[in-house]
Amino acid sequence: MRIWTGTRAIAEAVKIADVDVIAAYPIRPYTGVMNELAKMISDGEFSAEIIVADSEHSQFEIAKHASAVGARTFVGSSGVGLLYAAEAITVTALAQLPVVALAGCRALDDPGNFGMEWNDTLVFRDFGWLVSWAKDAQEALDMTLVAYRVSEDRRVLLPQFVAVDGATITHIASPVTPPDERIEGFLPPYKPPYPLDPEYGPITKSQHIAPSLIGPEQRKVVDASVKRSREVIEEAWRDFGKRVGRSYPPFLETAYMDDAELAIVTMGAYTKDAVYVAKKLREEGERVGVVRLRYWRPYPAQELRELLEGVRGIAVLDFSYSFGSPDMGGAFYNELRAALYEANQKPLILDFLFTGGREPSVKHFREAVEITKRAVERGRPERLVYWPTLRGDDI
């Protein structure tokens with residue numbers, strides 16, 4: 001066992017994956033990963049080419065083009081840096097290049113705000129990237145390795161964000177156990193089926209096209225790959241568990257859900273706090289459980305319906321916000337409500353927003369459950385959306 005920050009754990013995964021090309025441009029928390037990788041390469045721990053870009057846009061372009069010619073690549077960013085790279089991020093998915101990137105979730109973008117928020121990553125929910133979401137440094141390491149396995153599978157061939165909550169995971173040291181030699185064979189060298197290489201004959205990637213040619217078909221091909229990724233994700237985590245001895249459920253992690261009347265639904269670093277709150281409330285006789293999404297894309301809609309349709313009330317711990325959206329809630333909340341629209345028994349769903357990077361506490365999470373319980377007992381909510389950490393009156 002080692003004591004590593006999240007950035008160090010991710011860098012260790014990149015080393016284990018024997019990545020060929022790393023694209024770099026400093027922005028917290030990705031800077032920490034860059035520094036760790038640069039030191040590893042300097043110390044001779046592994047060999048890779050680090051290319052320092054002049055911006056986030058160029059950084060993702062470097063990863064895209066390196067992947068196109070057959071390299072295994074790593075890149076990362078956060079906040080407005082990710083948004084600046086949006087053009088390259090878009091084309092990477094439509095060209096079906098299996099780039100793996102760190103999304104170090106960070107607030108958008110009061111200048112200097114380094115707090116954690118999900119909006120920077122959820123902006124890319126519709127871009128054709130797979131998105132997995134780690135809850136701690138250990139899972140960030142494991143999830144990065146599995147990301148390469150899934151993205152490079154010929155049934156998928158799509159890029160993937162490994163989303164890691166900034167500061168709360170990336171900058172906090174915690175126990176991490178790296179995989180040993182049993183991981184060998186889990187991630188064979190990347191052999192692209194269609195590399196941009198004269199030896200393989202003429203290949204066209206990221207071509208300019210007229211809408212009447214292949215626009216809809218190109219999107220449908222990506223759509224089919226996202227759908228196929230579900231079975232590949234399940235296979236990869238099953239194989240990872242056999243080799244490494246750490247087993248994960250592929251899409252949803254649950255706690256105390258067997259007889260739960262109320263559920264806390266969330267993602268990421270604060271899941272442990274949510275489980276702590278549920279444990280304490282269980283000791284007081286409340287039937288409260290926790291559900292955590294491990295993947296945002298593909299979205300585990302059917303699994304959520306099967307798990308939550310018997311629950312009476314849901315408290316969503318939401319670190320995103322969608323201005324002007326239905327009922328003025330977060331993107332996380334709105335997608336959960338959309339998924340449960342097809343449930344036979346629809347639970348009451350309340351959104352608790354933790355935006356702008358301000359740190360929440362277990363007190364806020366406990367209050368969220370108590371508000372949800374009162375709404376269930378009344379049979380209707382007073383409001384659908386709450387801002388627990390807001391100073392002053394909610395208007």
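Mentor: Here is a walk through that strand, its partners, and a few other parts.

First, a word on where this comes from: it is a predicted model, residues are numbered from 1 along each chain as its sequence is written, local features need pLDDT of at least 70, and side-chain atom pairs count only at pLDDT 80 or more. Totals for chains, interfaces and linings use all residues, while side-chain values use heavy atoms, with hydrogens and water left out.

Now E4, which covers residues 73-77. Strands (E, at least two residues) and helices (H or I, at least four) are DSSP runs, numbered from the N terminus. Five of the five residues of E4 are buried, so the strand is largely enclosed by the rest of the structure. Buried means under 20% relative accessible area, exposed means over 50%, and partly exposed is in between, with a 1.4 Å probe and protein chains only.

In a regular strand the side chains alternate between the two faces of the sheet. In E4, Thr 73, Val 75 and Ser 77 are on one side and Phe 74 and Gly 76 on the other, and both faces are covered.

What about its partners? Two strands pair if DSSP finds at least two bridges between them. E4 runs parallel to strand E2 (residues 21-24), joined by two bridges, and Ile 22 stands opposite Phe 74. E4 also runs parallel to strand E5 (residues 100-105), with four bridges; there, Ser 77 has Ala 103 as its bridge partner.

Strand E6 (residues 130-133) is covered on both faces too: Leu 130 and Ser 132 are buried on one side, Val 131 and Trp 133 on the other. E6 pairs with E7 in the parallel sense over four bridges, and Trp 133 has Ala 163 of E7 as its bridge partner.

With 1% relative accessibility, Thr 170 counts as buried. Its side chain reaches the backbone nitrogen of Ala 167 at 2.7 Å.

Helix H1 (residues 6-16) has eight of its eleven residues buried, so it is largely enclosed by the rest of the structure. Among the buried ones are Gly 6, Ile 10 and Val 14. Just after H1, Asp 18 takes a positive phi of about 55 degrees.

Helix H3 (residues 56-68) is also largely enclosed, because ten of its 13 residues are buried; Phe 60 and Ile 62 are among them. At its start, a side-chain oxygen of Ser 55 comes to within 3.4 Å of the backbone nitrogen of His 57. Just after H3, Gly 70 has a positive phi of about 110 degrees.

Finally, there's an open sheet of six strands, in the order E9-E11-E10-E13-E14-E15, with mixed pairing. Strand E9 (252-255) and strand E15 (385-386) stand at its edges with a single partner strand each, so one side of each has no neighbour in the sheet. Inside that sheet, E10 (residues 262-266) and E11 (residues 288-293) run parallel and are joined by five bridges, with Leu 262 partnered by Val 288.

How values were computed
Polar contact = N/O pair within 3.5 Å; in protein donor to acceptor, adjacent residues only side chain to side chain.
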